[in-house]
Amino acid sequence: MTAFDAAERDVPAAVAERNLAGAREDVYWWDTAEAPDALPGFGKPGAMASPAANTADLAVVGGGYTGLWAALMAKERDPEKDVLLLEGHRCGWAASGRNGGFLEPSLTHGESNGEQHAPAENARLAELGAINAREIAETIERYGIDADYQPTGELILASEPHQVDELAAEAAATGGELLTGGALRSRLDTPLYRAGLFDPDGSAIVHPTRLAWGLRRAALEAGVRIVEHTPVRALEASTGRGNQPVRLRTDGGDVVARQVVLATNVFPALIKRLRWYTVPVYDHAIVTEPLTPEQEASIGWAGREGLADMNSRFHYIRPIDTPEGLRILVGGYDALYHFGRNMSERYEHSPETARRLAQHFAAIFPQLSDVRFSHSWGGAIDTCSRFFSFFDLSHGGRVASAAGFTGLGVAATRFAANVMLDQLSGERTELTELEIVKKKPLPFPPEPLAWLGVKATTAAMIRSDRNKGRRGLWLRTMDKVGMGFDS
């Protein structure tokens, strides 16, 4: 039994349900008056593109982080380039506006996962990830983006005895300080976690939608044309090389572009063969009401670090400082896959997962067991079998794609945008020659094998957490075939 199994046993479900009773089933980051006005759709009055002006040098499909970074950096590289971004809903509406706001430098979902899937490049990828994270911070400052960027670092937490040993080994290898007992409680007053290791470069935290809205504003000011509520239904182009345009079909008319960036991530790829490489997995989060000053003082947390634990089914926990007081977000743990790669608004709400997270929260911070939650939501993650992004270049070098960020895309999307722009340039660069760019992960099988495989892997991860982290036969087999995950 893990510490979180014990939490579900010891914290009455009725307590969690009471604390969740008033929670809005809305994304906290979007439930604000700060959201910018929507931009008209393609062909609509006042739109920044119309059937009479339907051409572009570069069309970007998708207005999440990946697409926004690609559009902005394309204009930074060449201010004269005509860039048109087409978003099916609102910019930052999907995963980019629903995540926990952890801006981690890793491009490979952790060093050990990078070592497993890209051992020859892992060290250089860590360097490139650190460079990318610094450049994000510089971009936020240069454009005056109000993203609540806080370079707090990350506190990695052990909830089980064997994890304490792993943290001790990590501390010895890196020179970090292992926090236990009173040293940990003075940093973060929680009885559930047994040890912690602070990584000053492990993560910054941001307000997810403010980052997306800031990138949107910067792109517009740089001259990017953006249309929202414009889903692209199909992509048509010859496969041969040359200057033949790419045609994108929308409900408001066709867009013709010399080059295309596809940044739809979790949504079905416009290039059908790429759809086998991802499955949508739903992640959920809850946010507390503002704490009173006394409640805030009871948990310490003066450093305001982002928190992450070491379980296969891990939690991410972060502070949200507001004028009304400190709020706390807790998310993760469950990762829910629905048969047939199905996506639906009804999957964005899971009362069972929200209740479980509320029980865990009460065990992590028993001094806050009466705190109510204001928001509860979920969203789909574009999961691939190696757990970090993959790339594709098609149609004679005119269409670049990236997807598969698997929940670690706040920073990695910018790196992916740089890769795609390098690919479309036709030049050989360090990024285009990386093996992780040239080589794709293993595709997921068709149903019912995909569903059975996800269910088997989830069950194996639960057993691993309950068996001191030991990876059983199924997980070891997945490791050998290249579909294993170790963050």
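**Close-up views of a predicted model**

**View 1. Helices α13 and α14 cross.** The axes of α13 (residues 449–466) and α14 (residues 473–481) come within 8 Å and cross at roughly 120°. Axes are lines fitted to C-alpha atoms, for helices over the stretch in contact; angles run from 0 to 180 degrees between N-to-C directions. Helices (H or I, at least four residues) and strands (E, at least two) are DSSP runs numbered from the N terminus. α13 and α14 are therefore oblique to each other (under 35 degrees is roughly parallel, over 145 roughly antiparallel, 65 to 115 roughly perpendicular, the rest oblique). From α13, Gly453, Ala456, Thr457, Ala460, Met461 and Ser464 make the contact; from α14, Trp474, Leu475 and Met478 do. Contact means heavy atoms within 4.5 Å.

The model is predicted: local features need pLDDT of at least 70, side-chain atom pairs count only at pLDDT 80 or more, and totals for chains, interfaces and linings use all residues. Residues are numbered from 1 along each chain as its sequence is written, and side-chain values use heavy atoms, leaving out hydrogens and water.

**View 2. Aspartate 422 sits in helix α11 (residues 409–425).** Aspartate 422 is buried, at 10% relative accessible area. Buried means under 20%, exposed over 50%, partly exposed in between (1.4 Å probe, protein chains only). Leaving aside neighbours within four places in sequence, aspartate 422 contacts Arg77, Glu427, Thr429, Leu431 and Thr432.

**View 3. Helix α2 (residues 13–20) has buried residues Ala16, Asn19 and Leu20.** Down the axis of α2, they fall within an arc of 95°, so they line one face of the helix. The arc is that of the directions from the helix axis to the C-beta atoms. Their cover includes β12 (279–288), α10 (351–364) and β17 (373–383).
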